[in-house]
Amino acid sequence: MGANLPIDTAQKGRPPASPLVEATLSLVRERLRTRFAQSGQDWDAFRTSGSTLTKADMEDVERRLLATGHRFDWSAGISVAERPDIYKSRGDGDQVDESFSHPDAPQGEPDDMGRALAGVGDNVVRHDADVTGIARFIRTNERVLDYLTNGVPPGIIAVIDDSGGTLTAPIIEQFTGVICAGGTVRSHLGILTREYNIPCLMNAKIAGIADGDTVTIEATAAAKTTEDYQQGVERVGRIWRLVKEEAAA
């Protein structure tokens with residue numbers, strides 16, 4: 001590893017910084033240590049030589065950070081810090097997340113396709129086909145960091161609350177669909193899902209959906225417009241929970 005550098009002890013005694021800052025410092029130290037060893041100079045001569053780190057070095061650091069999954073790492077922690085009462089380990093187990101159950105959510109018996117109505121929401125963009133996937137409640141920083149590290153499994157429909165756009169920003173493009181329990185189609189999350197062409201229902205009223213359930217979003221429903229909100233027009237897309245074969249038998 002070579003001799004220690006002054007930067008190695010520059011922040012001793014302080015609390016650890018965010019993972020993104022710590023990763024950046026680690027890569028900068030690595031690059032400095034390599035340059036220092038190659039120079040053959042002592043530290044004082046090296047630091048005044050003007051041959052320490054270049055723009056190309058910092059661009060390489062940035063590329064390596066993105067490749068290791070630290071993209072938007074700082075923003076992923078904002079919701080947890082600002083709303084610790086919301087982002088607890090609720091809904092990340094194999095049970096219905098009652099904190100999302102809305103008293104006005106429409107529910108129904110399974111139809112001939114095995115779909116039980118479990119809610120409605122404001123459709124952000126009208127798509128050519130409905131979308132089906134596995135519901136995962138995104139309520140903890142730990143789940144987001146796990147998805148950052150290991151990737152979001154295929155076919156995941158994220159169920160989040162109205163501030164979840166910040167929490168899920170690092171991985172939003174990997175979701176098959178999004179159900180958001182707050183906001184409007186003009187909210188930050190609505191803009192993000194529109195940008196990434198991900199089916200999304202905002203201001204959703206859902207009930208009876210458990211983490212791991214298979215759900216279908218009616219992405220083919222008409223999109224909710226600004227005029228609809230202004231005029232109080234009800235225009236929603238439905239959410240169905242697919243009943244398991246053994247339960248329907």
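Q: How much accessible surface does the protein chain have, and what share of it belongs to carbon and sulfur atoms?
A: This is a predicted model, and in it the accessible surface of the protein chain comes to about 13400 Å². Carbon and sulfur atoms account for 50% of that surface.

Q: How many helices and strands does the protein chain have, and what percentage of its residues count as buried?
A: The secondary structure consists of 10 helices and seven strands. The protein chain has 249 residues, and 40% of them count as buried. If we take the contacts between residues at least 6 apart in sequence, 66% of these join residues at least 24 apart.

Q: How many disulfides are there by the distance rule?
A: In general, a disulfide is a covalent bond between the sulfur atoms of two cysteines. Here the count comes to zero.

Q: Which residues of helix α6 are buried, and which are exposed?
A: In α6, which covers residues 141-150, the buried residues are N141, R143, V144, Y147 and L148. They cover an arc of only 165° around the axis, and therefore they lie on the same side of α6. On the other side of this helix, E142, T149 and N150 are exposed. Just after α6 comes G151, which takes a positive phi of about 85°.

Q: Which residues of α8 are buried?
A: The buried residues of α8 are L189, G190, L192 and T193. Seen down the axis of α8, they fall within an arc of 160°, so they line one face of the helix. Just after α8, N197 takes a positive phi of about 60°.

Q: Which residues touch the most other members of the largest nonpolar core?
A: The general idea is that, in soluble globular proteins, nonpolar side chains tend to be buried together. In this model the largest nonpolar core has 20 residues, and those touching the most other members are I138, I160, I171, F175, V178 and L189. At least two residues of this core are supplied by each of α6, β3, β4 and β5. There is also a second, separate core of 15 residues, which includes F100, A135, V159 and L201.

Q: How many aromatic pairs are there?
A: A pair of aromatic rings is described by the distance of the centres and the angle of the planes. The count here comes to one aromatic pair. That pair is formed by F36 and F46, with 5.3 Å centre to centre and 40° between the planes, and it is tilted. F36 lies in helix α1 and F46 in helix α2, so the pair ties together parts that are 10 residues apart in sequence. Both F36 and F46 are buried.

Q: Where does T184 lie, and which residues is it in contact with beyond its neighbours within four places in sequence?
A: T184 lies in the loop between β4 and α8, and at 28% relative accessibility it counts as partly exposed. Leaving aside those neighbours, T184 is in contact with M202 and Y229. The C-alpha atoms of T184 and N123 are separated by 9.2 Å, although these residues are 61 residues apart along the chain.

Definitions and conventions. Residues are numbered from 1 along each chain as its sequence is written. This is a predicted model: local features need pLDDT of at least 70, side-chain atom pairs count only at pLDDT 80 or more; totals for chains, interfaces and linings use all residues. Side-chain values use heavy atoms; hydrogens and water are left out. Helices (H or I, at least four residues) and strands (E, at least two) are DSSP runs, numbered from the N terminus. Buried means under 20% relative accessible area, exposed over 50%, partly exposed in between (1.4 Å probe, protein chains only). Contact means heavy atoms within 4.5 Å. Accessible areas come from the Shrake-Rupley method with a 1.4 Å probe; for residues, only the protein chains shown count as cover. A disulfide is a pair of cysteine sulfur atoms within 2.5 Å. The arc is that of the directions from the helix axis to the C-beta atoms. A nonpolar core is a set of buried Ala, Val, Leu, Ile, Met, Phe, Trp, Tyr and Cys residues joined through side-chain atoms within 4.5 Å. Rings of Phe, Tyr and Trp (its six-membered ring) pair if their centres lie within 6.5 Å; planes under 30 degrees apart count as stacked, over 60 as edge-to-face and the rest as tilted.
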